Every structure is written in C-alpha cells, then in structure tokens.
Amino acid sequence: MLPFSLQKIVAFFVSICLFFSLSFPFLTPAAPEFAPKYEDGEILVNFTVLADTHIESFTISRQQYLKKALLGANAAKGGSDALCIVGDMTMNGQETEYAVLYGTLAAYSKSANFFPIIGNHDTWSGESYEKELERFAGYYNNLMGGETDKVYYSKVVNGYYFLVLGTERDNGVSSYISETQLDWFAGIMEEASASGKPVFVFHHMPLNNTNNVQNQWPEGAMGEQSDAVQAIMEAYDNVFFFTGHLHNTYDHSAFSKIGDSLYLVDGPVFGQGGYGSILDPGKGWQVEGYADKVVLRARNFIQNEWYETYEYEIPLN
C-alpha cells in the first residue's frame, strides 16, 4: 500500500481530477434537502446504505454516479450519521481504484461516519490477500482516523452498534469467515444487544438460500459459514442484516424476515445494470431509527426520488 503521505498526494490529485472532470463543485447545484419520514418524531439515527459501486480508475461514469449520490445523501435534513458501502466498492481492489474511491469520499461526502465493507471484487487485484487487506484497512484508517487491521470491526453511532463482517481470503464469489471472526461476532452481538437498540450488521454476501435470485445463481451467497452467522443473529431481537452482491433491483427479495426479528435487507446495485436489466444508477437505502421502529426507505440518491413501493416500517420488539 502507498505510504500515508503519498496516499494524501494521490487523493489530492484525484480530487483535483474530479474537480475538473465531474463538474465544478461550486457550480454543482446542491441536492434538495429531504426530511425524515416522521419530521415530528425524534429520529435517533439516519444513515445511507449503498452496494456495489464498482469504482474503476478510468470508468468516469461510475465516479460521477458516486459523486452525485454523495451530494444527494448529504442533503438529509439534520445531516447524515453514516454512509455504508456494502462491498464491491471497487472493481478489482487496485491501489488506483481505492485512491479514486477515497478521493471522491474525501471531496464530497459529509457523513459523520463511513463504513466500508469488503466484497469479492475488492480482493481481485491479483496481489496477495494480505496486500489487499492492508490496502482496505489503510485507506479506511487514514480517512476516518481508525485503527483497524481487519475486515471485520464495529463502531457505535448514536448509541447504535454497526457491525461489519468481511471475507478473510479471496474466495471466489462467496466469502470465508474464520472461527476467530465468528467468535468475535458472537461476543460483539451480545454486547450490542445489551444496548436495547436495534443492531445493524453488514456483509457483502447474503445468507445462503435467502434471495430468489439465488435460484439462478446459487453460489452467490455467503458460503460455508452462513448457518453459523445466521444462528448468531437469530439469537437476538431487532437485528438488521444489510447485504449486496446480487445486483438486484428492489423487486428481488429486497426485504425479508427470518424468525421473530432478523431482517434481511438487500442493497440494489448502485451503478451498474441490475439483474437482467439496465437501471438508472444511484439506488440505495436511507435508514431511519426511532425509539420504537426502524424505517427503510428506498431512494435514488442521484435523481433525489423515493420509491414508496419499497418502504418498510418495522416495529421493534
């Protein structure tokens, strides 16, 4: 991975390139402000979830999509508590792609927190997994002032636990989660549940056999550790599991439930064609937490439009 000082130079260069190639920031109209679902309610956390941005060094359109979506997410009334990108942030996990990704984030995102989640494409640089892990953790730490050296980590935002799981090797289109990570996950889930608030868990791949696209792509799932991860989450109330990977539209099992209160939230592909179709880029979720409920709101952050058909209000147990 590039030294931090060189990363800053690269990020600055990328920002300058974005400044000129993605339109002048001071000439870019601000996205219209959007209010929480319940303006008269006390919203406790408000964050954005995107999936599969697939940033490439020379595919300018994807950089444009992300820049415009960040401006759209910034328009949340009261500010954005977090931005989560649920894997395949880059196309190949290369140094230049991370520089473009983080240069764009540094230039345009105003979210108080950023949660990167490693995806299978983020491990396809052709280098060793150790190099890719170093790159993944290094760029995150430099942007957010973190100290992680793993692809799994946690952070508390406004009293809510955000838990990130990640593959620990290049495992094709599935993931590999070690016993060490599973033990960590079981422990942090117990701690998070004790807070009395919903728990938000993020991983690029969905649980096995939980999405109807898998009828056509059965290997497009977590893999061998799926049952273990599911069992840990099912032991607690009000757990929300956010994934991507399948390049779905909102129509394909975007939201489902297992047991009493494990909620599965599939992230629609952000910047490429959806499953069997070509989509307008910019789709994702705006998630709002209240004292008695969580609201999932489907939104196009480029077009600044809601998709009310795919809006879900979940009362808390």
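This is a predicted model: local features need pLDDT of at least 70, side-chain atom pairs count only at pLDDT 80 or more; totals for chains, interfaces and linings use all residues.
User: Why is Thr53 called buried?
Analyst: The relative accessible area of Thr53 is 0%. Buried means under 20%, so Thr53 qualifies as buried.

User: Where does Thr53 lie, and which residues does Thr53 touch?
Analyst: Thr53 is placed in the loop between S1 and helix H2 (60-74). Leaving aside residues up to four places away in sequence, Thr53 touches Arg62, Leu66, Ile85, Gly87, Asp88, Met89 and Phe270. Contact here means heavy atoms within 4.5 Å.

User: Why is strand S10 (residues 283-289) described as largely enclosed by the rest of the structure?
Analyst: Seven of the seven residues of S10 are buried, so the strand is largely enclosed. Lys283, Trp285, Val287 and Gly289 point one way from S10, whereas Gly284, Gln286 and Glu288 point the other way, and all are buried.

User: What makes S1 and S10 paired strands?
Analyst: Two strands pair if at least two bridges are found between them. Strand S1 (residues 45-50) and S10 have five bridges, so they count as paired, in the antiparallel sense. Within this pair, Phe47 stands opposite Val287 of S10.

User: How do you know that S10 also pairs with strand S11 (residues 293-300)?
Analyst: The cut-off is again at least two bridges. S10 and S11 are joined over seven bridges, so they are a pair, and its sense is antiparallel. Among the bridge partners in S11, Val294 belongs to Gly289 and Leu296 belongs to Val287. S10 and S11 form a hairpin, with three residues between them.

User: Why are S3 and S12 said to stand at the edges, and in what order do the strands of the sheet run?
Analyst: The open sheet has six strands in the order S3-S2-S1-S10-S11-S12, with mixed pairing. Strand S3 (114-117) and strand S12 (305-315) each have a single partner strand, so one side of each lacks a neighbour in the sheet. Neighbouring strands of this sheet are turned against each other by 20° on average, direction ignored.

User: How do you know that the length of helix H4 (residues 129-144) is close to the expected value?
Analyst: The expected span is 1.5 Å times one less than the number of residues. H4 has 16 residues, for which 22 Å is expected, and reaches 22 Å from its first C-alpha to its last. Its buried residues include Tyr129, Leu133, Phe136 and Tyr140. After H4 comes Gly145, with a positive phi near 70°.

How values were computed:
Residues are numbered from 1 along each chain as its sequence is written. Side-chain values use heavy atoms; hydrogens and water are left out. Buried means under 20% relative accessible area, exposed over 50%, partly exposed in between (1.4 Å probe, protein chains only). Helices (H or I, at least four residues) and strands (E, at least two) are DSSP runs, numbered from the N terminus. Axes are lines fitted to C-alpha atoms, for helices over the stretch in contact, and angles run from 0 to 180 degrees between N-to-C directions.
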